[in-house]
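This report describes how the parts of one protein chain pack together. Please examine the sequence and the structure below before reading on.

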Amino acid sequence: MDKNKIQALITLLDDPNEEIFSTVEGELLKEEVDIIPDLEKAWEMTFDSTHQKRLENLIHNIQFKNVKSGFRNWLANSEDDLLYGAFLVSKYQYPELTYESINDKINQLRKDVWLELNDHLTALEKVRIINHILFDVHGYTRNNSNFMAPQNSFICDVLDTRKGNPISLSVIYSVIALRLGIPVYGVNLPKNFILAYLDDAADLNNVAQDTEMSVLFYINPINKGAVLGRKEIEFFVKQQKLEPKVNYFLPCSNKDIVQRMLNNIYYAYETAGHKEKANEMQELLSLFGDISG
């Protein structure tokens with residue numbers, strides 16, 4: 001839309017006639033995030049609380065539409081980029097967040113691990129180095145004081161505070177490992193989330209055919225990267241009174257990981273009584289198909 005027309009519509013947002021406001025809002029909602037600076041400037045120029053509230057809601061709705069569009073594109077074209085999916089989750093809460101800011105922090109962690117690696121290390125030795133850099137040097141850990149907070153699922157917050165939940169810590173761990181050519185993937189274990197270290201010769205698309213041969217061991221990022229065997233996972237499943245399923249021992253898709261991150265945020269908002277945010281999470285989850293995740 002022409003910039004002059006946009007400016008003209010913005011000036012009509014303070015019209016007391018609800019029908020006029022509704023028409024103007026509908027037109028502006030068709031626009032992209034590029035118009036937000038103009039809306040923010042209009043907010044600064046008015047002292048009318050009703051007008052400000054209208055502008056705030058409009059800005060939020062345009063930003064939310066942008067996040068939904070980002071998820072649609074990611075699901076259709078970029079699902080192999082786990083970090084970008086996690087970035088989109090954070091962008092819901094932090095609309096000004098850039099992928100570059102997240103990517104730079106991940107690359108710095110990757111560099112710190114890379115400096116300690118060499119070509120002669122075993123799988124366990126590589127994991128010990130990642131564990132040392134992430135958990136000992138940088139101090140990443142479970143957020144014990146506020147475990148259910150939505151911030152534990154926002155990757156930008158986790159990178160800043162170095163506190164997270166099993167999924168967010170696993171995302172950081174897996175992305176760093178894979179960028180170093182180390183085959184570590186997420187496992188969507190109920191009531192927990194862990195990682196699987198695959199044999200170098202394993203075909204990710206056919207792991208289900210021979211799980212015990214393909215998965216060398218499992219990693220628990222919430223416990224400083226403790227290495228686990230299949231029997232320990234079986235014991236956990238039994239302890240939780242769950243019916244054993246093959247996928248509890250297999251790498252899951254990036255879509256599954258991001259969907260579960262959104263589910264965690266949904267339950268956090270729902271529990272805290274933030275109905276509007278919970279409803280928006282459901283909208284995002286609906287893009288993934290099965291909301292139960």
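How are α5 and α9 oriented to each other, roughly parallel or roughly antiparallel?

## Basis of the description

The model is predicted, so that local features need pLDDT of at least 70 and side-chain atom pairs count only at pLDDT 80 or more, while totals for chains, interfaces and linings use all residues. Residues are numbered from 1 along each chain as its sequence is written, and side-chain values use heavy atoms, with hydrogens and water left out.

## Helices α5 and α9

Helix α5 (residues 82-93) packs against helix α9 (residues 166-179) at an angle of about 150°, and their axes lie 10 Å apart. Helices are DSSP runs of H or I with at least four residues, numbered from the N terminus. Axes are lines fitted to C-alpha atoms over the stretch in contact, and angles run from 0 to 180 degrees between N-to-C directions. The two helices α5 and α9 are therefore roughly antiparallel to each other, a term for angles over 145 degrees.

The crossing of α5 and α9 is left-handed, meaning that the near helix is turned anticlockwise from the far one by less than a right angle. L82, L83 and A86 of α5 meet V171, V175 and R179 of α9, where contact means heavy atoms within 4.5 Å. These residues of the α5 contact with α9 comprise five nonpolar, no polar and one charged. Nonpolar covers Ala, Val, Leu, Ile, Met, Phe, Trp, Tyr, Cys and Pro; charged covers Asp, Glu, Lys and Arg; the others, Gly among them, are polar.

## Helices α3 and α4

The axes of helix α3 (residues 36-45) and helix α4 (residues 49-77) come within 9 Å and cross at roughly 165°. That makes α3 roughly antiparallel to α4. α3 passes α4 in a left-handed crossing.

On the α3 side, I36, L39, E40, A42 and W43 take part, and they meet Q52, L55, E56, L58, I59, I62 and Q63 in α4. The residues of this contact of α3 with α4 divide into eight nonpolar, two polar and two charged.

## The two domains

The domain assignment, which is automatic or from a database, gives domain 1 (3-76) and domain 2 (82-287). Their centres, taken over C-alpha atoms, are separated by 36 Å. Domain 1 contributes 12 residues to the contact and domain 2 contributes 16 residues.

About 1300 Å² is buried between domain 1 and domain 2, and carbon and sulfur atoms give 76% of that area. Buried area is the accessible area (1.4 Å probe) that two parts lose on being put together, summed over both. F64, F71 and W74 lose the most area in domain 1 to domain 2, together 48% of what that side buries.

Terms used: Angles under 35 degrees count as roughly parallel, over 145 as roughly antiparallel, 65 to 115 as roughly perpendicular and the rest as oblique.
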